[in-house]
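Let's take a friendly look at one helix and the aromatic rings around it. Please have the sequence and the structure at hand.

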Amino acid sequence: MLATLVFSTLAAGVLAPAVVRRGLAHTLALLPAGLFVAFLSWWPDVTGGQVVLQQLTWIPSLDVALSLRLDGLSLLFALLITGIGTFIYLYAASYLHGQADLPRFFAFLTLFMGAMLGAVLADDLIALLVFWELTSLTSFLLIGYEPEKPQARRAAQQGLLITVAGGLSLLAGAILLGMAAGSMRITDILAQGPALVAHPMAPAIIVLVAIGAFAKSAQAPLHAWLANAMAAPTPVSAFLHSATMVKLGVYLLARLNPALGEHAWWSSLLVPVGLLTMFMGTVLALRASDLKRVLAYSTVVSLGTLVTLIGLPHPMAATAMVTFLLAHALYKACLFMVAGIVDHAAGTRDATRLGGLARAMPLTALVAVLAGLSMAGLPPFVGFIGKELIYEAALGGAWWPVAVAL
């Protein structure tokens with residue numbers, strides 16, 4: 001069943017252009033909506049502690065199988081990908097209405113969604129790497145959606161080079177991890193946590209895997225590609241660069257945290273890099289005036305926060321990470337779409353040239369305020385709960401990450 005959902009999504013990417021050419025672009029939102037309902041049907045089982053596993057023969061001679069796993073973490077990401085994806089499809093159909101390349105756009109967007117689902121459901125390191133690189137490729141195609149613009153071409157090339165280079169590091173780390181565990185199955189790897197921590201190759205595995213995750217999730221000093229990717233259409237920014245692809249590195253670190261988190265190198269690497277990313281994102285956001293770049297740099301800050309939480313040893317850190325990840329995906333996707341609406345209406349995203357829009361666009365202003373209040377962490381919004389849990393996790397583990405963050 002899991003494999004059917006993933007491969008049907010990839011197949012839909014091939015069929016999407018024909019649907020768009022018939023003037024039915026909005027109906028494509030039924031795909032992520034249907035997937036959301038399908039994944040939601042597993043909610044009672046997964047929250048009850050059940051893990052759904054599926055294995056299909058892939059390369060028998062090399063003992064490589066397509067293994068898929070649905071547990072709490074992967075279900076959360078699958079629901080985010082498909083739930084937010086539903087609104088992105090509807091938004092993109094209107095935002096890009098009338099553009100000649102719209103069929104190509106929806107083909108790439110659907111292939112990206114299928115690749116993301118495959119990556120978060122993969123229970124085999126080889127399958128994870130295949131889907132991981134497919135997200136990089138489809139992201140390249142989406143960022144460079146307007147190839148006639150030099151800025152879009154450069155941003156797409158930069159994003160591809162950084163994420164693919166990180167993927168090569170992850171490939172090396174995955175090979176070493178498979179050798180150390182004696183299996184490429186993530187389920188088997190997670191069951192060998194203490195043995196892996198004591199393995200001589202553990203430091204090399206942690207460094208290589210972390211570099212791959214850092215490149216994907218725009219951690220300093222590999223963060224520049226994320227802001228430059230704002231050359232992409234706003235639906236791409238809202239979907240890829242706030243709610244899904246940039247969190248794939250965070251997902252990988254969270255997935256392997258039970259196996260490698262007890263090693264001293266894990267916290268020593270993740271916490272400083274996460275804090276540095278938070279600092280760099282904050283400084284750059286204060287200097288930016290383009291609405292999408294401000295949101296991009298604030299996303300960098302949030303990604304640094306998530307990586308820091310994964311590195312913290314406090315038991316509340318995992319709860320804080322999941323809550324903040326959910327809150328961030330919701331309010332940031334919303335704010336990106338608001339930025340696109342403002343750009344459409346005013347013809348600019350330069351904050352220094354914008355003013356008085358609340359009177360002309362009251363509904364958009366209300367949505368922006370509500371999402372902004374959640375981002376600021378004020379009650380009663382879910383962003384408040386996420387940030388309160390962050391402080392509790394950090395203060396319970398060590399005071400200095402909170403001091404640096406403030």
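## Terms and model

Buried means under 20% relative accessible area, exposed over 50% and partly exposed in between, with a 1.4 Å probe and protein chains only. Helices are DSSP runs (H or I, at least four residues), numbered from the N terminus.

This is a predicted model, in which local features need pLDDT of at least 70, side-chain atom pairs count only at pLDDT 80 or more, and totals for chains, interfaces and linings use all residues. Residues are numbered from 1 along each chain as its sequence is written, and side-chain values use heavy atoms, leaving out hydrogens and water.

## Helix H5

Of the 20 residues of H5, 18 are buried, so the rest of the structure largely encloses this helix.

## Aromatic pairs

There are seven aromatic pairs in the structure; rings of Phe, Tyr and Trp (its six-membered ring) pair if their centres lie within 6.5 Å, and planes under 30 degrees apart count as stacked, over 60 as edge-to-face and the rest as tilted. The Tyr-89 and Phe-106 rings have centres 5.6 Å apart and planes at 50°, so this pair is tilted. Because Tyr-89 lies in helix H4 (residues 72-95) and Phe-106 in helix H5, the pair ties together parts 17 residues apart in sequence. Both Tyr-89 and Phe-106 are buried.

For Phe-112 and Phe-239, the ring centres are 5.8 Å apart and the planes at 75°, so the pair is edge-to-face. Phe-112 belongs to helix H5 and Phe-239 to helix H12 (residues 234-240), so parts 127 residues apart in sequence are tied together. Phe-112 is buried, with a relative accessible area of 0%.

Definitions and conventions: Helices (H or I, at least four residues) and strands (E, at least two) are DSSP runs, numbered from the N terminus.
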